[in-house]
Amino acid sequence: TLQDSQEEQDDLNTQLSTLTSQINLLDNSLETAQQERDDLQAQLTTLEEQLAANQEATDDSSTLTTETSNAEANVAAGNSDATAPDTTTTSALNNVQANALELSRTYESLLQQNWGLTTLTSTQQSQLEEARQALTEAQREIAQLTGARGIHTVKSGENLSVIAATFYDEASEWPKLLEANRHLLGNNPSVLYEGIVLVVPQ
């Protein structure tokens with residue numbers, strides 16, 4: 001009958017309205033979930049960056065601890081190389097210092113070439129990493145030859161006074177750092193750049 005048809009039509013309209021409401025709710029839930037996912041991803045990225053920074057600080061600390069122990073052991077054993085290098089050691093030191101200077105110039109040049117780039121190619125990244133590692137190894141060898149505490153990679157915003165305050169609790173001790181790294185810095189402490197590796201003397 002006409003009345004039955006009308007009632008069936010009303011029921012269908014009611015079902016359609018209900019389904020439409022449910023779809024709208026699902027759409028809202030999906031949008032909220034996507035926003036939460038984006039927020040979580042941003043937090044994850046931040047945590048990964050903090051972890052990487054902490055790991056670098058830990059590596060530097062471990063290097064200093066190990067090399068300090070080695071230097072102290074050499075002094076305790078009366079090893080004259082630790083306090084008064086002979087002619088052979090002096091010659092080796094001069095050679096490594098000259099090499100470190102060239103490596104520092106190469107690394108700084110690569111950093112300047114890549115300055116301002118939002119992304120680096122795999123080749124550029126490889127070149128930077130190889131140059132950084134080579135400079136690190138050269139400075140580490142110098143630290144061992146001179147009986148230094150170890151090495152330190154300069155971070156953004158650091159200068160010799162800041163680094164001296166970190167290692168010696170006295171910013172005024174910065175001339176020690178300048179003298180130990182004169183082969184890289186000359187007489188000008190302002191030539192520091194982020195990423196350069198310094199020898200940290202006793």
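Tutor: Before we look at any residue, recall that buried means under 20% relative accessible area, exposed means over 50%, and partly exposed covers what lies in between. Bear in mind, too, that this is a predicted model.

Student: What separation do the C-alpha atoms of Glu129 and Tyr107 have?

Tutor: The C-alpha atoms of Glu129 and Tyr107 are separated by 9.0 Å, while the two residues are 22 apart along the chain.

Student: Is Gln139 buried or exposed?

Tutor: Gln139, which also belongs to helix 3, has a relative accessible area of 0% and is therefore buried, since the cut-off is 20%. Leaving aside residues up to four places away in sequence, Gln139 touches Ala100, Ile151, Asn181, His183, Leu184, Val197, Leu198 and Val199.

Student: Which strand pairs with strand 2, and in what sense?

Tutor: Strand 1, residues 150–153, pairs with strand 2 in the antiparallel sense, over four bridges. Within that pairing, Gly150 stands opposite Val200 of strand 2.

Student: Where do these strands sit in the order of elements?

Tutor: The protein has six helices and two strands, and from the N terminus on the elements run α-α-α-β-α-α-α-β. As for contacts between residues at least 6 apart in sequence, 68% join residues at least 24 apart, and 27% of the 202 residues count as buried.

Student: What confidence does the predictor assign to these elements?

Tutor: The mean pLDDT is highest for strand 2 (residues 197–200), at 96, and lowest among the elements for helix 1 (residues 2–76), at 71. Over residues 79–85 the pLDDT is below 50, although this stretch has twelve contacts in the model beyond near neighbours in sequence. Taken as a whole, the protein averages a pLDDT of 81, with 78% of the residues scoring at least 70.

Note on methods. Residues are numbered from 1 along each chain as its sequence is written. This is a predicted model: local features need pLDDT of at least 70, side-chain atom pairs count only at pLDDT 80 or more; totals for chains, interfaces and linings use all residues. Side-chain values use heavy atoms; hydrogens and water are left out. pLDDT is the predictor's confidence in each residue, from 0 to 100. Contact means heavy atoms within 4.5 Å. Buried means under 20% relative accessible area, exposed over 50%, partly exposed in between (1.4 Å probe, protein chains only). Two strands pair if DSSP finds at least two bridges between them.
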